[in-house]
Amino acid sequence: MSDLLVFVLSGLVSGALYALLATGLVLSYSASGLFNFAHGATAYLCALAFYELHSGLGWPAVPTALLLVCVASPLLGWGLDRLMFRKLARVGETAQIVATIGLLVALPALGLWVVELLDDAGVSVKPAENQFGLPGVGPSPAKNWQLMDGVGIDSDQLITWVATAAVALGLWILMRHTTLGLRLRAAVDNRSLVELRGMSADRLSTVAWMLSSGLAGLAGVLATPLLGLSAHDFTLFLFVSATAAVLGRFASVPLAFAGGLGLGVLQNLVAGYSSFAERITGFRTAVPFLILFAGLLLLTRRQRTAGTAAADAPPVDYLAGRPWARKWGPWAMAAVLLAAAFYTVTTPFWSGILAQGLALSLVFVSFTVVTGLGAMVSLAQATFVTGAALVAGLLMSHGWPFIAAALVGTCVAAVLGALVALPALRLGGRTLALATLALAFLADQVLFQMGWLRNGDTGWEIPRPVFGPVDLSDDRAMGVAMVVLCAAAVAALGALRNSPSGRAMLAVRSAPAAAMASGVSVIRTKLLLFTLSAGLAGFGGVMYASYNTRITATDFTAMTGLIWLAVVVAAGVRRPQFAVVAGLVYAIVPHLVADYVTDSVHLPVVLFGLAGLALANDPDGYCAAISVRRHRRRSTNPGAAGIGLSEATVQAPTPPQDSGTPPALELRGLHAGYDGAPVLHGVGITVHPGEIVALLGPNGSGKSTTCRTAAGLLTPLRGQVYVAGQDVTREGPVRRARAGVLLAPEGRGIFPALTIEENLTLHLADKHAREAVYERFAGLAARRNVTAGALSGGEQQLLALAPLLQEPPRVLIADEPSLGLAPRIVEDVFRLLTELRDAGTGLLLVEEKATEILGVADTVAYLDRGRVSWCGPRADVRADRLTEAYLGLAASGPGRAQDAKAEGEGAVRP
Amino acid sequence: MSRNVRVITATVAALLLATACNSAATGNSPDSKGSSVRGVTDGAIKVGGIVSMTTASGYSKKDTDLGARARFARANAEGGINGRKIDYLGAEDDGQDPAKNLAAARKLVQQDKVFAISPMSSVTFSGADFLQKQKVPTFGWGTIPSFCGPTYIYGFGGCMVPMPGGTISQTWPEGLKQVTHGAMGKTVAILANDNDAGTFAIRTYKQSFASAGYKVTFAKSSVPATSVPSDWSAYTKEILRSDGGKAPDIVVSVMQTPYNIGLFTAVKRSGYRGVLTDPTDYDPGLLAKSATKEALDGVHILLTFEPFETRSAAMKQFKADIKKASGGKDVPLNMHMMTGYMSADLFLSIAQKAGQNLTVASFQKAADGFSDTGTMVGDRALPKGQKESFGCGALVQLKNGAYHVSSPFKCYEPIPFK
């Protein structure tokens with residue numbers, strides 16, 4: 001019994017560190033929706049800084065720690081947020097994951113590089129290598145107190161515990177009892193709504209990143225005596241604490257905190273009582289990752305279908321429809337030249353490096369399948385590589401021929417892939433990524449520790465194959481063979497893409513629900529992709545191992561897989577040929593840099609990590625960016641001329657202006673659209689204070705785009721937006737909201753995870769104003785502590801609009817406020833809107849239910865294919881005009897307008 | 001689409017044909033053809049090194065390079081080897097990355113055209129097969145299986161990985177007998193990391209200690225290998241009750257320094273007064289920190305070379321060489337310097353024996369049957385050293401902030417590995 005007590009008590013201490021890291025993870029995840037793989041690296045950086053300042057320069061411990069935790073780390077978080085995370089929050093999930101993986105290697109290298117520079121400059125820093133038993137904040141060596149027999153605690157543990165408890169309390173107060181905390185939670189819930197309500201989500205995200213970074217810093221300083229200066233250990237520690245973040249579902253700080261503590265205890269209990277697993281080498285090492293995997297499986301709410309990452313819009317394929325030679329000619333030429341180069345210009349050394357890069361390219365192409373085609377992030381590719389190569393090596397040691405062994409190895413990798421995919425597929429994007437990472441670690445620590453499979457540290461020999469006269473033990477022959485294999489892989493994937501199953505895959509990627517409706521099995525497609533990708537990785541792995549002529553179980557670890565993904569995505573994961581480029585770049589560039597640029601080993605790593613920064617700007621990678629940018633530059637001029645022409649012919653009629661007060665909202669000649677798809681062609685609408693303007697039009701006429709442009713969510717290509725006479729065209733949604741323009745977006749404008757009271761508080765800081773709302777809406781009053789997500793649709797819409805009555809905005813733009821509501825509720829909603837008008841608000845209403853809205857509107861505007869085709873007082877509205885508005889003005893058919901909408905919205909709406 | 005396939009097929013066929021012609025024509029003969037020998041001129045022998053200097057784990061062997069530099073500098077100062085100076089290019093950093101290790105080996109051989117590689121000290125040696133195939137004599141720290149078997153690869157202290165059919169060095173238990181005054185009735189607990197290497201270590205040391213006469217009461221590879229436990233109570237409890245409820249006489253840790261610090265601190269806090277020992281913590285740098293000094297106080301540490309505390313002529317020479325190579329400064333000594341130094345020393349000794357006509361073949365001939373005695377790694381003999389370790393070692397004890405020799409440097413007879 002006393003054993004149990006000891007295990008629990010001391011487990012709580014180690015759990016405290018997990019809790020700190022997990023809390024930081026949850027905060028940063030909440031702020032920008034990205035799982036920060038570099039969180040452990042931040043902690044490491046702080047530990048390094050603490051060591052250099054305290055031990056190297058002799059600064060006093062406690063002030064140094066405070067400086068680092070309260071100033072330096074938040075500053076780092078601020079800087080990273082400004083440079084990267086803010087932009088990353090808007091790009092696809094793969095780019096997000098990869099950018100932070102880049103940081104994971106760049107931050108420690110940056111720290112070491114700075115130490116190197118300081119050392120060169122004569123500052124008395126200490127070397128950061130081979131440092132053990134480093135002092136923490138407390139006395140060193142730590143003081144120890146025996147509480148009772150066998151139960152002791154030392155000063156470092158005590159400090160960790162006290163600091164963590166203080167942080168827990170502080171965070172709780174911040175999140176639950178301050179306006180800032182409420183806004184942070186609102187931003188977690190619905191980022192764009194926060195912006196529409198006039199709160200800067202960017203600023204909130206900065207605060208969250210500063211907090212998160214500070215927590216990482218604290219964990220770093222506290223963990224210094226335990227982990228020393230090993231960036232690797234800090235990162236592993238982070239992955240373990242990710243389990244706690246999963247327990248908190250990446251949203252709940254208290255749950256993550258408790259999860260961290262519990263994890264520490266559980267780990268201790270397993271260490272103390274898991275004698276049953278003693279015969280399985282690696283079991284105890286793998287426990288945290290087992291828990292992580294189980295946690296992911298059991299606790300993740302199913303958000304999207306079958307492992308789909310957040311939809312990231314594909315880059316426009318500017319070569320679509322061009323002849324084969326234009327599309328593939330340059331690539332085919334490059335391949336032939338490369339193959340020829342092996343026998344003409346390259347030295348033996350470079351032949352070897354190129355062959356290695358090409359062999360790796362085969363592995364990299366597998367990312368194109370799983371991530372490019374399937375939109376799933378797999379961090380287990382290195383596992384498939386190791387698995388296939390080990391099996392092939394094992395078989396070859398028994399005399400199997402190369403081809404047969406490679407085939408079996410490939411199949412084993414494919415089976416392994418299916419096994420990984422089966423449980424993981426029901427998870428969403430980053431959860432899937434984490435699950436594959438957990439499995440990769442499990443494989444490293446248990447599967448590849450099996451003696452018969454790994455053959456100790458010797459591994460297995462995989463001699464290069466010889467086919468008749470072709471002997472691949474010559475690097476040049478190997479290189480040419482790899483060119484051929486890469487070309488075959490690229491061509492095969494191209495053919496797959498254009499085949500029916502390839503189209504099914506793309507369908508599953510872009511619209512799983514629609515794909516399911518058309519009879520495509522999402523799960524089967526995903527499983528197929530994962531299996532295919534694993535098999536390809538396995539085959540590439542056997543080839544790569546045969547380049548090395550040997551495979552050992554530690555050649556490709558889970559961490560290697562992380563780096564690989566980063567390298568591929570940085571180049572572009574959508575097309576297999578980009579993966580080949582990535583493989584070559586990965587093999588060649590380090591040598592070029594070492595030869596011609598710098599001797600420092602840290603600088604190239606820092607530069608590699610900074611590729612993440614580039615990814616924030618070009619989420620589709622540098623290969624894709626080249627062609628996209630070139631095309632954009634080329635297409636700017638003719639495009640503008642086309643739009644100018646159309647404007648000249650159409651003149652939108654505007655209602656007469658009041659001479660006194662300026663209009664509440666005025667749109668003048670707005671042109672707007674989504675990447676390459678113009679939607680609005682000169683929309684002009686004026687809304688006066690105390691006026692309801694109804695905007696009618698068929699699907700795809702640009703109603704929602706008009707709303708988004710008016711609210712500042714979309715920047716117009718041309719034209720102006722005036723609010724109360726002020727030009728606000730260039731201002732974002734936050735500034736516009738502060739100027740008094742509110743958009744009630746399509747769907748419900750509430751924060752579902754916050755309570756009714758909290759939703760109201762975000763609008764109405766004044767308690768009396770909230771009470772007034774409750775008085776009027778008794779239904780809300782009775783359930784003020786219920787989360788808004790639990791309300792019915794009508795109640796949610798009322799909750800969104802009710803607080804406006806207390807402080808009427810200057811302009812309210814409502815996009816289909818009655819969508820999906822029962823008729824009785826619609827009446828309530830319209831009554832509310834009329835009251836707002838009477839209070840002086842200018843309203844721009846977009847509605848499908850034309851007959852009902854005509855009952856309240858003062859002015860009616862018809863929108864047709866991006867132009868206002870008619871605008872006038874409600875009294876002048878005739879039934880035939882209404883019909884025309886909905887049928888899309890007979891002439892050139894509604895089909896085209898429909899296309900415009902589909903295209904335009906597809907590009908922006910997830 | 002069909003055109004696509006046709007073009008690709010045609011290209012592939014053409015390329016395969018070209019490959020077949022070329023690889024048939026050129027074959028794959030290593031570079032050392034004709035009269036000139038790779039890396040050897042009348043006046044110089046070119047030598048390179050591969051060392052893990054920067055790593056994500058914070059563990060670095062970079063002083064290996066300094067050690068090699070020191071030894072080569074002395075050889076040159078003494079007039080070189082048979083009239084040839086050693087042109088040491090310095091060590092390539094492999095960052096403990098297998099891909100970089102192989103690339104470094106390729107660069108040294110194919111681009112820099114070195115005659116030999118010395119030192120090669122890393123945790124990974126994926127360049128081994130390449131070096132063996134290219135016939136590049138390579139010298140380094142034999143803790144990797146590649147040092148056991150391949151004919152061109154030599155460990156400075158022999159092959160230190162017990163191989164099937166090979167032997168286990170008895171240095172550790174035999175040395176401990178000095179400390180425990182014999183093995184009779186003494187009990188031992190061995191703890192290792194929970195991975196394949198740990199399991200292998202348990203297997204060998206269990207046999208090793210038992211055959212030296214100790215009673216092994218506990219031998220487990222159960223400490224998580226990826227992160228240092230912040231709390232050791234679960235392990236210490238089990239160990240300290242392993243001798244029928246009592247604590248064993250000796251606690252042996254086969255783990256790295258951060259683990260040892262945690263384990264030994266916890267064991268001592270729980271009142272353990274027996275012998276603590278490990279094979280990794282001989283690093284005078286550890287004495288610089290009060291925490292490590294206290295945690296490791298009293299621990300007996302195994303070394304496979306002469307302790308720096310010995311006053312032999314060779315050790316004096318070593319210290320002088322190191323001081324000279326580091327620009328006259330008194331740098332704290334560590335085992336990586338010794339690794340580099342003795343790797344270089346073994347290479348030089350064989351090259352000396354190979355004589356004036358230095359080729360890879362003459363070098364290999366000289367290595368076969370090479371032996372000498374009384375070096376800082378004991379009595380060296382080849383090719384025996386490519387199958388087993390030279391079997392020599394010492395124990396030092398850390399006491400009051402300084403290392404003291406607790407069992408002097410000596411060579412012991414190995415036992416067959418079962």
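This is a predicted model: local features need pLDDT of at least 70, side-chain atom pairs count only at pLDDT 80 or more; totals for chains, interfaces and linings use all residues.

**Stop 1**

Select residues 859-864 of chain A, which form strand 15. Zoom in on A:Leu695, whose bridge partner in strand 15 of chain A is A:Ala861.

Find A:Val860, which stands opposite A:Gly872 in strand 16 of chain A. Then look at the hairpin of these two strands, where two residues lie between the strands. A:Arg865 in this hairpin takes a positive phi near 45°.

Are the residues of strand 15 of chain A buried or exposed? Six of its six residues are buried. Show the side chains. A:Thr859, A:Ala861 and A:Leu863 point one way. A:Val860, A:Tyr862 and A:Asp864 point the other way.

**Stop 2: the nonpolar core**

Select A:Ile813. In the largest nonpolar core, with 422 residues, A:Ile813 is one of those that touch the most other members. Others in that group include A:Leu21, A:Leu844 and B:Ile190. Leaving aside neighbours within four places in sequence, A:Ile813 is in contact with residues including A:Cys707, A:Val741 and A:Leu844. In soluble globular proteins, nonpolar side chains tend to be buried together.

**Stop 3: all of chain A**

Zoom out to chain A. Its secondary structure comes to 35 helices and 16 strands. Of its 910 residues, 56% are buried. The C-alpha atoms fill a box of roughly 90 × 75 × 55 Å along the principal axes. A compact globule with 910 residues would have a radius of gyration near 29 Å, so the 30 Å of chain A agrees.

**Stop 4: where chain A meets chain B**

Show both chains. Their contact takes 79 residues from chain A and 72 residues from chain B. Select residues 475-498 of chain A: this is helix 18, which gives the most to the chain A side, with 10 residues. By class, that side has 37 nonpolar, 30 polar and 12 charged residues.

**Stop 5: the domains of chain B**

Colour domain 1 of chain B (37-160 + 310-387) and domain 2 of chain B (167-303 + 393-416) separately. Their C-alpha centres lie 30 Å apart. The contact between them takes seven residues from domain 1 of chain B and seven residues from domain 2 of chain B.

Conventions. Residues are numbered from 1 along each chain as its sequence is written. Chains are lettered from A and ligands numbered from 1 in the order in which they are written. Two residues are in contact if their C-beta atoms, placed from the backbone, lie within 7 Å. Helices (H or I, at least four residues) and strands (E, at least two) are DSSP runs, numbered from the N terminus. Ala, Val, Leu, Ile, Met, Phe, Trp, Tyr, Cys and Pro count as nonpolar, Asp, Glu, Lys and Arg as charged, and the others, Gly among them, as polar. Domain bounds come from an automatic or database domain assignment. A nonpolar core is a set of buried Ala, Val, Leu, Ile, Met, Phe, Trp, Tyr and Cys residues joined through C-beta atoms within 7 Å. A residue is buried if 20 or more other C-beta atoms lie within 10 Å of its own, exposed if 12 or fewer, and partly exposed in between; C-beta atoms are placed from the backbone. The radius of gyration is taken over C-alpha atoms; the globule rule is 2.2 Å times the number of residues to the power 0.38. Two strands pair if DSSP finds at least two bridges between them.
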